[in-house]
Amino acid sequence: MKAPRGTQDLLPGVSDKWQYVEGKLKELSNLYQYKEIRTPIFEHTELFERGVGDTTDIVQKEMYTFTDKGDRSITLRPEGTASVVRAFVQHKLFGSPSQPTKLFYIGPMFRYERPQQGRMRQFVQYGVEALGSADPAIDAEVISLAMNAYQSLGLKSLKLVINSLGDQESRENHRQALIDHFTPVKEELCSDCQTRLEQNPLRVLDCKKDRDHEAMATAPSILDYLNEESSQYFEKVQAYLDAMNISYIVDKNLVRGLDYYNHTAFEIMSDAQGFGAITTLSGGGRYNGLVQELGGPETPGIGFAMSIERLLMALEAEGVDLPIDERLDCYVISIGDEANIKAASIVNKLRESGIQVDKDYQGKKMKAQFKAADRLQAKFVLVLGEDELANNQIAVKNMDSGEQDTIELEQLNGYLQRLL
Ligand code: HAM
């Protein structure tokens, strides 16, 4: 049997990289004061229909939706923002005195997409959400956190693209302009876009099939429809980014694939050679109406998410080696029943005092045990031979210097603690 298409097993060796990266992301979240939130992997389908938007590809084509035994429509979460906002409202986090509420999450998301390099049906997102502030400085903070996540892991070939989708009024005006622009060529667009034109014309700009249609290049830009307030907001976000020395490109065609966005939208791409066809590493933006849409008080919000899969692909493409310590501290070698029992108790004691140690469980000969220690790159090999056993001692070999010592068992702990 094989794992389903678009999923993967993370085996030892690879899972070490995941642990390292996830650890770094948690440290970074702490540095920026974002606290972890863990929400369920499945939610009521309605949450995503209302949150993500029922005209999006995610909701229309990509959700893992099923009816449970209680006849409820349940969906495996395709993204994290809707769930975080649902939890924010349900637990009244808006009532907490420390605002904005700054949250992060790491966990699996599910989308029924056509799998390819960098596109999975189950993938892991790290994301942050800041709820309760409409200060453009927090837009810049979120973007800086996203950039910092990649840079602190060693990535260099990054491109930050930003846009503004404006407020409600700006979007309404832009919407009408898009309808006027595309209606004369409606028949030439794909059937999805013909529907999008009626339901949500902004989505037409995001179409993969009609990307090269000539009407796309001349489509009205949202930036020309921003009202005074929206364009001032966008300018302030840019001023903060400038002040933080974060370089960016303004791309008026950046629209994002989820419906909840307004004002700031951004994506980070990899410029690295050999990264593959999908270059987007992460995406996010502001979603000021979402808390209210999901039943909470009017609360502004902004966040982003990245997949760990694509982050690891980018590290690979740029040849970044993660500083993962693969070496084992100690390996204990013993032969014979009596020595094996003693070895087990030594291993146990060392572990109790926090020393990383392993031993043989295959009944291997002495030479093969030494080989195993070599394979694990043990720093110290401890040998419990007949003489040592009889004298309550153990031979300790420093595998880097080749030095060998015979140590009283009582002093072994302290001896190793000093050297490791
Ligand atoms: P999104 O652009 O749909 O936004 O996804 C964010 C990131 O998740 C993408 O840039 C990519 O790294 C990763 N991703 C998405 N789909 C896949 C896939 N099929 N396979 C691998 N990686 C994938 C959101 O999900 C928003 N919730 C982000 C956000 C948070 N906006 C505000 N707050």
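Arg-121 touches Arg-5, Gly-6, Tyr-64, Met-109, Phe-110, Arg-111, Tyr-112, Glu-113, Arg-114 and Pro-115, leaving aside residues up to four places away in sequence, where contact means heavy atoms within 4.5 Å. The model is a predicted one, in which local features need pLDDT of at least 70 and side-chain atom pairs count only at pLDDT 80 or more, while totals for chains, interfaces and linings use all residues. Residues are numbered from 1 along each chain as its sequence is written, and side-chain values use heavy atoms, with hydrogens and water left out.

**Arg-121**

- Arg-121 sits in the loop between β5 (101-110) and β6 (122-131); strands are DSSP runs of E with at least two residues, numbered from the N terminus.
- Arg-121 is buried, with a relative accessible area of 10%, where buried means under 20% relative accessible area (1.4 Å probe, protein chains only).
- Between Arg-121 and Leu-412 there are 291 residues in sequence and 50 Å in space, C-alpha to C-alpha.

**Ligand**

- The ligand is surrounded by 28 residues, and the closest are Glu-79, Glu-113, Glu-129, Tyr-261 and Leu-281; a residue counts as near if one of its heavy atoms lies within 4 Å of the molecule.
- Nitrogen atoms of the ligand lie 2.5 Å from a polar side-chain atom of Glu-79, 2.8 Å from a polar side-chain atom of Thr-81, and 3.3 Å from a backbone N or O atom of Phe-304.
- Taken alone, the ligand exposes 660 Å², of which the protein buries 96%, with accessible areas from the Shrake-Rupley method and a 1.4 Å probe.
- At least two residues of the shell around the ligand come from each of β6, β10 (280-286) and β11 (301-307), and β10 gives the most, with six residues.

- β15 runs antiparallel to strand β14 (residues 380-384), joined by four bridges, and Phe-380 stands opposite Asn-398 in β15; two strands pair if DSSP finds at least two bridges between them.
- Five bridges also join β15 to strand β16 (residues 404-408) in the antiparallel sense, with Ile-394 opposite Ile-407 in β16.
- The hairpin of β15 and β16 has five residues between the strands, and Gly-402 takes a positive phi near 80° there.

- Three bridges link β2 to strand β4 (residues 73-76), and Thr-75 in β4 is the bridge partner of Glu-43.

How values were computed. Buried < 20%, exposed > 50% of the residue type's maximum accessible area, 1.4 Å probe, protein only. Polar contact = N/O pair within 3.5 Å; in protein donor to acceptor, adjacent residues only side chain to side chain.
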